[in-house]
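Hi everyone, thanks for making time. Have a look at the sequence and the structure on the screen, and then I'll walk you through a few helices.

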Amino acid sequence: MNYASEDLINEHRDILFGLRILQEIVKTAEQSGDADIKDINDMIDFLRLFADKCHHGKEEGLMFPALEEAGIPNERGPIGQMLKEHIQGRQYIAEMAASVGSGALQADRFTQAAADYIDLLREHIQKENTVLFPMADRILPDDRQQQLLEQFEIFEEEVIGKGIHERLHETLHKLGEKYLNTK
Ligand SMILES: [Fe+2]
Ligand SMILES: [Fe+2]
């Protein structure tokens, strides 16, 4: 893996870690019919800002256009499929948010949407890691990958900002300690 694709694969690790936490919250909700609403809102915040706005934003705004330019098809091709899955993921996040929107947890609604999201994103990440990004490494020249990486940094600064990035990672770390006993 090279430069830009490596950066996205590193972010996949953080997203997968978030999904493990979300799965534990789902388990709690399934077993007791209840879960910590603040933790759910923190997870939704992480998924919306980090997984979707930042990570999917970099893919959709920079990496995928570079791949299209290099000849990988969008419609009816792997890029179109990835875009569809991003949209589906947004719908599941919206559904999770709706399940806590009243301030009380609608447990069944939450567990269904969260489980669907976890399945979707795990498979999605697997496809990018094993098919699309290795393809990117084969067709994008080194200088284009390097340029993408620089554009990613600017994108992050402009769209998310360092402060929010750090806050999201801190929250993820705390939730990891609580739900996965990580240090
Ligand atoms: Fe993606
Ligand atoms: Fe991705």
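Some ground rules. This is a predicted model, where local features need pLDDT of at least 70, side-chain atom pairs count only at pLDDT 80 or more, and totals for chains, interfaces and linings use all residues. Residues are numbered from 1 along each chain as its sequence is written, and chains are lettered from A and ligands numbered from 1 in the order in which they are written.

When I say helix, I mean a DSSP run of H or I with at least four residues, and helices are numbered from the N terminus.

Let's start with H1. How many residues does H1 have? It has 30, and from its first C-alpha to its last it reaches 44 Å, close to the 44 Å expected at 1.5 Å a residue. That expected span is 1.5 Å times one less than the number of residues. Among the buried residues of H1 are Leu8, Ile15, Leu19, Leu22 and Val26. Buried here means 20 or more other C-beta atoms within 10 Å of the residue's own; 12 or fewer is exposed, in between is partly exposed, and the C-beta atoms are placed from the backbone. And what do they pack against? The buried residues of H1 pack against H2, H4, H5 and H6. Just after H1 comes Gly33, with a positive phi of about 75°.

Now on to H6, residues 162–180. Its 19 residues should span 27 Å at 1.5 Å a residue, and the end C-alpha atoms are 26 Å apart, so that agrees. Which residues of H6 are buried? Leu168, Leu172 and Leu175 are. They sit on the same side of H6, because they cover an arc of only 70° around the axis, the arc being that of the directions from the helix axis to the C-beta atoms. Over on the other side of H6, Lys162, Gly163, Glu166, Glu170 and Glu177 are exposed. The cover over the buried residues of H6 includes H1 and H2.

So how do H1 and H6 meet? They pack at an angle of about 45°, with their axes 10 Å apart. Axes are lines fitted to C-alpha atoms, for helices over the stretch in contact, and the angles run from 0 to 180 degrees between N-to-C directions. H1 and H6 are therefore oblique to each other. For the labels, under 35 degrees is roughly parallel, over 145 roughly antiparallel, 65 to 115 roughly perpendicular, and the rest oblique. Phe17, Ile21 and Ile25 are among the H1 residues that meet H6, where the partners include Leu172 and Tyr179. Contact means C-beta atoms, placed from the backbone, within 7 Å.

Compare that with H3 and H4. Here the angle is about 155° and the axes are 9 Å apart, which means H3 is roughly antiparallel to H4. Residues in H3 including Met82, Tyr92 and Met96 meet H4, with Phe110, Leu121 and Val131 among the H4 residues involved.

Last, some single residues. Lys178 in H6 is partly exposed, with 14 other C-beta atoms within 10 Å. Arg76, in the loop between H2 and H3, has a positive phi near 55° without being a glycine. Is Arg76 buried or exposed? It counts as exposed, because it has 8 C-beta neighbours inside 10 Å. Asn181, in the segment after H6, also has a positive phi near 55°, and Asn181 is exposed with 7 other C-beta atoms within 10 Å.

Key: Helix = DSSP H or I, 4+ residues; strand = E, 2+ residues; numbered from the N terminus. Contact = placed C-beta atoms within 7 Å.
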